Amino acid sequence: MKSDLLSVYDVLYHEPQEAALCGQHCLNNLLQQRKFTETDLMDIANELDRREREVMSEAGNTAVFQSFLQREDSSNIADDGNFSIQVLMEALKTVNITLVPLDSSDPVAVAARRDAWNQKAYVCNLLNHWFCLRRIGRRWWNLNSLYKTPELVSQTFLTIYLEQLKMEGYSIFLVVGNLPPCQAEEAEAQGLLADPEKTWAGVARGPAISSHAQPSASHSSQEDDDELEAAIAASLAPAGGTGGGANTNIEEETLRKVLNESRQEAELEEQRREEQRRAVEQALVAEPPEGPEASLLVIRLPDGSRVQRRFPGNGPLQHVDDFLRSKGLQVNQYQLVSTFPRQTYTDSSLSLQALGLHPKAMLIVEKKL
């Protein structure tokens with residue numbers, strides 16, 4: 001009977017925000033179960049700290065290493081309980097799931113940029129907040145822990161929303177691997193769920209998308225912005241809502257126009273950045289051989305991966321900035337920091353020796369606040 005159908009909002013797993021544990025909520029909402037506790041993630045953070053101490057110890061009993069050992073803070077968990085991307089990645093490895101930066105050259109990321117809908121999930125981060133978008137059955141959901149309930153995301157809006165997050169400075173990671181089955185998917189497969197689009201308007205929801213939207217720099221006029229706003233509103237409207245067929249066709253055509261323009265501009269921007277990256281890569285300072293004149297830097301990138309390279313110890317920090325540009329990073333959006341003790345390096349004209357980054361150091365590439 002129709003009255004026996006379940007509401008998807010009653011079977012979706014959704015952890016609301018507690019303290020600064022959005023990383024934990026993001027993982028559990030992604031997996032649709034309480035898989036990880038705060039203690040689990042703290043254990044992972046401590047293990048990552050231990051590995052970092054091992055890396056630093058390879059340089060010998062230097063003053064930098066002793067300072068590293070004496071520090072009380074962690075580079076993997078903040079004082080308020082917020083966890084780093086490395087912790088989230090290590091946690092997901094235990095269930096055979098990996099995170100791939102959506103803007104990377106990895107083939108799976110390239111495919112996702114062309115077809116956002118037919119993916120499994122995305123993990124998004126800005127500063128100290130994590131949340132996920134996941135496809136459950138035939139629909140996508142925003143499982144942000146700041147929202148009172150999960151938020152339905154229409155097919156037409158998903159691509160726009162991801163582009164919007166990117167423009168606002170979010171780091172977006174594609175979820176790769178087999179997500180565990182969840183109650184909502186099983187209920188949908190058995191035909192036990194009521195259509196969420198018909199009950200969408202009556203659900204108590206969190207902050208509206210528009211509450212944190214920023215004007216798009218890719219639209220050259222107010223008229224274009226108005227068109228995008230109208231298209232977004234149309235894509236968010238529940239199926240079967242008001243409006244005639246002619247209006248619907250106009251709205252869909254407007255949306256297609258905006259999406260095509262945005263996609264073309266994104267492709268041109270990606271080509272321009274790749275040309276710049278290759279030019280910087282060709283002009284990089286040569287990597288010196290091992291020896292007392294070389295500084296060995298271990299650098300943690302925003303996606304959680306680590307790179308290691310030697311630089312001339314008497315050379316400027318600019319050499320490191322150029323190296324990061326060759327990796328495709330927009331250096332003006334990031335800053336180099338160390339955590340033993342915490343220090344931010346902003347003067348690219350100073351030598352690595354003068355900055356205390358010799359003969360070996362570990363740096364973290366962080367987004368600027």
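Q: How many bridges join strand β9 (residues 334–339) to β11?
A: In this predicted model, local features need pLDDT of at least 70 and side-chain atom pairs count only at pLDDT 80 or more, while totals for chains, interfaces and linings use all residues. Residues are numbered from 1 along each chain as its sequence is written, and side-chain values use heavy atoms, with hydrogens and water left out. Strands (E, at least two residues) and helices (H or I, at least four) are DSSP runs numbered from the N terminus, and two strands pair if DSSP finds at least two bridges between them. β9 and β11 run antiparallel, and the number of bridges that join them is 4.

Q: Which residue of β11 stands opposite Ile299?
A: Strand β7 (residues 294–300) pairs with β11 in the parallel sense, over 5 bridges. Opposite Ile299, β11 places Leu363.

Q: How many of the 8 residues of strand β11 are buried?
A: A residue is buried under 20% relative accessible area, exposed over 50% and partly exposed in between, with a 1.4 Å probe and protein chains only. Strand β11 spans residues 360–367 and is mostly covered. The number of its residues that are buried is 6.

Q: Which strands stand at the edges of the open sheet?
A: The open sheet has 6 strands in the order β1-β6-β2-β3-β4-β5, with antiparallel pairing. Each edge strand has a single partner strand, so one side of each is left without a neighbour in the sheet; these edge strands are β1 (98–101) and β5 (151–153).

Q: Which residue in β5 stands opposite Asn142?
A: Strand β4 (residues 139–142) and β5 run antiparallel and are joined by 3 bridges. The residue in β5 opposite Asn142 is Glu151.

Q: Which strands does helix α5 (residues 85–93) touch as it packs on the sheet?
A: Contact means heavy atoms within 4.5 Å. Axes are lines fitted to C-alpha atoms, for helices over the stretch in contact, and angles between N-to-C directions run from 0 to 180 degrees. The direction of α5 makes about 135° with that of β1, and the strands that α5 touches are β1, β3 and β6.

Q: At about what angle to β3 does α7 run?
A: Among the buried residues of α7 are Phe157, Ile160 and Leu165. α7 lies across β2 (121–126), β3, β4, β5 and β6, and its angle to β3 is about 160°.

Q: How many aromatic pairs does the structure hold?
A: Rings of Phe, Tyr and Trp (its six-membered ring) pair if their centres lie within 6.5 Å; planes under 30 degrees apart count as stacked, over 60 as edge-to-face and the rest as tilted. The number of aromatic pairs in the structure is 7.

Q: Why is the pair of Phe131 and Tyr170 edge-to-face?
A: Their ring centres are 5.8 Å apart and their planes stand at 80°, so the pair is edge-to-face. This pair links distant parts of the chain, with Phe131 in strand β3 (residues 129–136) and Tyr170 in the loop between α7 (155–167) and β6 (171–176). Phe131 is buried at 1% relative accessibility, as is Tyr170 at 14%. The reason for the class is thus the angle between the planes, 80°.

Q: Over the face of which ring does Arg309 lie?
A: A charge sits over a ring if NZ of Lys or CZ of Arg is within 6 Å of the ring centre and within 35 degrees of the ring normal. Arg309 is at 4.9 Å from the ring centre of Phe311. At 0% relative accessibility, Phe311 counts as buried.

Q: With which residue does Arg51 form a salt bridge?
A: A salt bridge is a side-chain nitrogen of Lys or Arg within 4 Å of a carboxyl oxygen of Asp or Glu. The closest N and O atoms are 3.7 Å apart in the salt bridge of Arg51 with Glu90. Arg51 lies in helix α3 (residues 38–57) and its partner in helix α5, 39 residues apart.

Q: Which residue meets Glu185 in a salt bridge?
A: The N to O distance in this salt bridge of Glu185 and Arg134 is 3.5 Å. Glu185 lies in helix α8 (residues 183–189) and Arg134 in strand β3, so the pair ties together parts that are 51 residues apart in sequence. Glu185 is partly exposed at 25% relative accessibility, while buried at 1% is Arg134.
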